[in-house]
Amino acid sequence: MSESKRLFFALEIPGDVQQHIVRWRAEQFPVEAGRPIAAANLHITLAFLGDVSEEKQRILAAQASRIAQPGFQLRLDDAGHWPRSRVVWLGPRQAPRGLLQLANLLRAQAARSGCAQSPQPFHPHVTLLRNAQHRVALPPPGFGWTFPVDAFVLYESLFEQGRTRYKPVDRWLLK
Ligand code: 3AM
C-alpha cells in the first residue's frame, strides 16, 4: 500500500510580502496575542484535502492541471479574529472573482474525489496567529499589500522536529 500525505491547495505569498507581513505583525500584535506562523508558512488555503493516497493525489493533480483561468491581483487589506478557531487572519476586503472561482473549482473537484470539504463558506485568509484565545485588538485600517497571483500550489503539510512545514509538491500557472 502506498503512503498517504496530508495535502492542500493554496496560494503562495511572495517572499518579500511575507517579510513585510511578519514585520507589521510584530508591531501590531503583542506576543501574548497568539502563536505566530513562520514567514515561510504564510499562505492562502484554497482547498484542504486531508490524508491523500498517491493514486488520489495523481487524480487531483490531473484535474488541477486542466484548470484554465487567468491570474489576478490580490490585495490583503483586512484583518480579523475568529475566536472559535482561535485564529488571527489577514485577508482581502474584496476577494477577487478569480480567487473565488479557483477555490470553488478546487473544492468541488476535491469533494468529487472523496476529500470532504467544510460546509462553512470559503473565507480566503492568511493565518497570522494561532491559539489566539483572548480578545485581540485589531490593527486600524490603512495597511495593505498587493501582489499578482499567477500560480497555485499543492502543498504537503509535514510535522518535523516539533515544527509544521508546508512543502510545495506541485505548481500550476494561471494564464
Ligand atoms: O490556511 P489555514 O492556516 O487557515 O487550518 C489548516 C490550514 O489552514 C487547514 O489547512 C491548512 C493547512 O494545514 N486545515 C487543517 N485541517 C483541516 C480540516 N480538517 C483544515 N481545513 C479544513 N478541514
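One term before we start: contact means heavy atoms within 4.5 Å. This is a predicted model, where local features need pLDDT of at least 70, side-chain atom pairs count only at pLDDT 80 or more, and totals for chains, interfaces and linings use all residues. Residues are numbered from 1 along each chain as its sequence is written, and side-chain values use heavy atoms, with hydrogens and water left out.

Let's begin with Gln-109. Gln-109 sits in helix H3. Helices (H or I, at least four residues) and strands (E, at least two) are DSSP runs, numbered from the N terminus. Not counting residues up to four places away in sequence, Gln-109 touches Leu-60, Gln-63, Ala-64 and Ile-67. Is Gln-109 buried or exposed? It counts as buried, because its relative accessibility is 10%. The cut-offs: buried is under 20% relative accessible area, exposed is over 50%, and partly exposed is in between, with a 1.4 Å probe and protein chains only.

Arg-112 is also a residue of helix H3. Arg-112 has 63% relative accessibility, so it counts as exposed.

Now helix H2. H2 covers residues 54-65, which is 12 residues. From first C-alpha to last, H2 reaches 16 Å, close to the 16 Å expected at 1.5 Å a residue. That expected span is 1.5 Å times one less than the number of residues. Which residues of H2 are buried? They are Gln-57, Leu-60, Ala-61, Gln-63 and Ala-64. These cover an arc of only 160° around the axis, so they lie on the same side of H2. The arc is taken over the directions from the helix axis to the C-beta atoms. On the face turned away from that buried side, H2 carries exposed Glu-55 and Arg-58. The cover over the buried residues of H2 includes strands E1 (5-12), E3 (43-52), E9 (151-160) and E10 (163-173), plus helix H3 (97-112).

Next, helix H1, residues 15-28. Its 14 residues should span 20 Å at 1.5 Å a residue, and its end C-alpha atoms are 20 Å apart, which agrees. The buried residues of H1 are Val-17, Gln-18, Ile-21, Val-22, Trp-24 and Arg-25. They fall within an arc of 165° seen down the axis, so they line one face of H1. Exposed Asp-16, Ala-26 and Glu-27 are on the face turned away from the buried side. What do the buried residues of H1 pack against? Strands E2 (35-36), E4 (72-76), E6 (87-91), E7 (126-130) and E8 (145-149).

On to the ligand. Arg-6 has a polar side-chain atom 3.3 Å from a ligand nitrogen atom. His-43 has a polar side-chain atom 2.8 Å from a ligand oxygen atom. For Arg-130, a side-chain N or O atom is 2.6 Å from a ligand oxygen atom. Taken alone, the ligand exposes 480 Å², and the protein buries 65% of that.

Last stop, Lys-175. This residue is in the segment after E10. Lys-175 counts as exposed because its relative accessibility is 74%. Leaving aside neighbours within four places in sequence, Lys-175 contacts Gln-69, Pro-70 and Gly-71.

Notes
Polar contact = N/O pair within 3.5 Å; in protein donor to acceptor, adjacent residues only side chain to side chain. Areas by Shrake-Rupley, 256 points an atom, 1.4 Å probe, with all protein chains shown as cover.
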